[in-house]
Amino acid sequence: GSLLNYIMSDKKGYELFRSNLCGRNPKEIMEEIKIIQDFNQRAVNKTLSLVLSPSINDGNKLSDSDLREISIEFLKELNIDINQFQILAFIHTEKQHKHLHFYINRLNMNTLKLVNDHHIGKRAQWIAHRMALKRNLISAKQVMINKIKSIEKKEVSDEKLIKTDIYKKHLKAIDKHLSSFSEYIDVMKSMGVIVQPTINKQGLTQGHR
């Protein structure tokens, strides 16, 4: 009830569309949904709350008609046919980031079966990702993938720089014609490089790093 009050608040935004509901306020809509949900006494979680959030730029460009079309396709991909389920879709505009809230009765009105909610969060993410790519919209999933790739690329680049720096310092140390390996270790340490022995399973020094 508190969630529906939040979604339907006039201060937050406005209704985009509804399906199989005619209540004028959260209380009436809850009562309508309960009539159907009472047919299934075994189920515990009978309601779905989903959010679709375009990027700020995309949200400003998309019309209500576009958002309705996207919403219907999004729900269909989750096996939620708007003709067979009770659905309320609201657009929130109180922040710069326009986003959509869906309040859905999980019970199919014709079959009284629950729509599958197994891993629905992950499935919703990938559906939104595919839909964004198809429409040339910004995908949050793709942004995340690009960030990971960028970080991995930077780490590889940083590693190369470190190796190059160590090798240059190694050449400087060798150029001093040192009399012992311990002297080499001391000179490298003075340049900020720690030389450590690599010990094998037998407890013997196998090399240095």
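## Elements and overall form

Helices (H or I, at least four residues) and strands (E, at least two) are DSSP runs, numbered from the N terminus. By this definition, the elements of the protein chain follow the order α-β-α-β-α-α-β-β-α-α-α-β-β from the N terminus on. The radius of gyration, taken over C-alpha atoms, is 30 Å for the protein chain, well over the 17 Å that the globule rule gives for 209 residues, so the chain is more spread out than a compact globule. The globule rule is 2.2 Å times the number of residues to the power 0.38. Along the principal axes, the C-alpha atoms fill a box of roughly 90 × 45 × 30 Å.

This is a predicted model, in which local features need pLDDT of at least 70 and side-chain atom pairs count only at pLDDT 80 or more, while totals for chains, interfaces and linings use all residues. Residues are numbered from 1 along each chain as its sequence is written, and side-chain values use heavy atoms, with hydrogens and water left out.

## The sheet

Strands of a sheet pair through backbone hydrogen bonds, either parallel or antiparallel. In this model, four strands form an open sheet in the order 1-3-4-2, with antiparallel pairing. Two strands count as paired if DSSP finds at least two bridges between them. Strand 1 (13-19) and strand 2 (47-52) are the edge strands, and each pairs on one side only. From one strand to the next, the twist averages 15°.

Strand 1 and strand 3 (residues 87-92) run antiparallel and are joined by six bridges. Phe17 stands opposite Ala89 in strand 3.

## Helix 4

Helix 4 (residues 64-77) lies across strand 1, strand 2, strand 3 and strand 4 (99-105), at about 45° to strand 1. Axes are lines fitted to C-alpha atoms, for helices over the stretch in contact (heavy atoms within 4.5 Å), and angles run from 0 to 180 degrees between N-to-C directions. The expected span of a helix is 1.5 Å times one less than its number of residues. The 14 residues of helix 4 should therefore span 20 Å, which agrees with the 20 Å between its end C-alpha atoms.

The buried residues of helix 4 (under 20% relative accessible area, with a 1.4 Å probe and protein chains only) are Leu67, Ile70, Ser71, Glu73, Phe74 and Leu75. These buried residues pack against strand 1, strand 2, strand 3, strand 4 and helix 5 (120-134). Just after helix 4, Asn79 takes a positive phi of about 65°.

Note on methods: Buried < 20%, exposed > 50% of the residue type's maximum accessible area, 1.4 Å probe, protein only.
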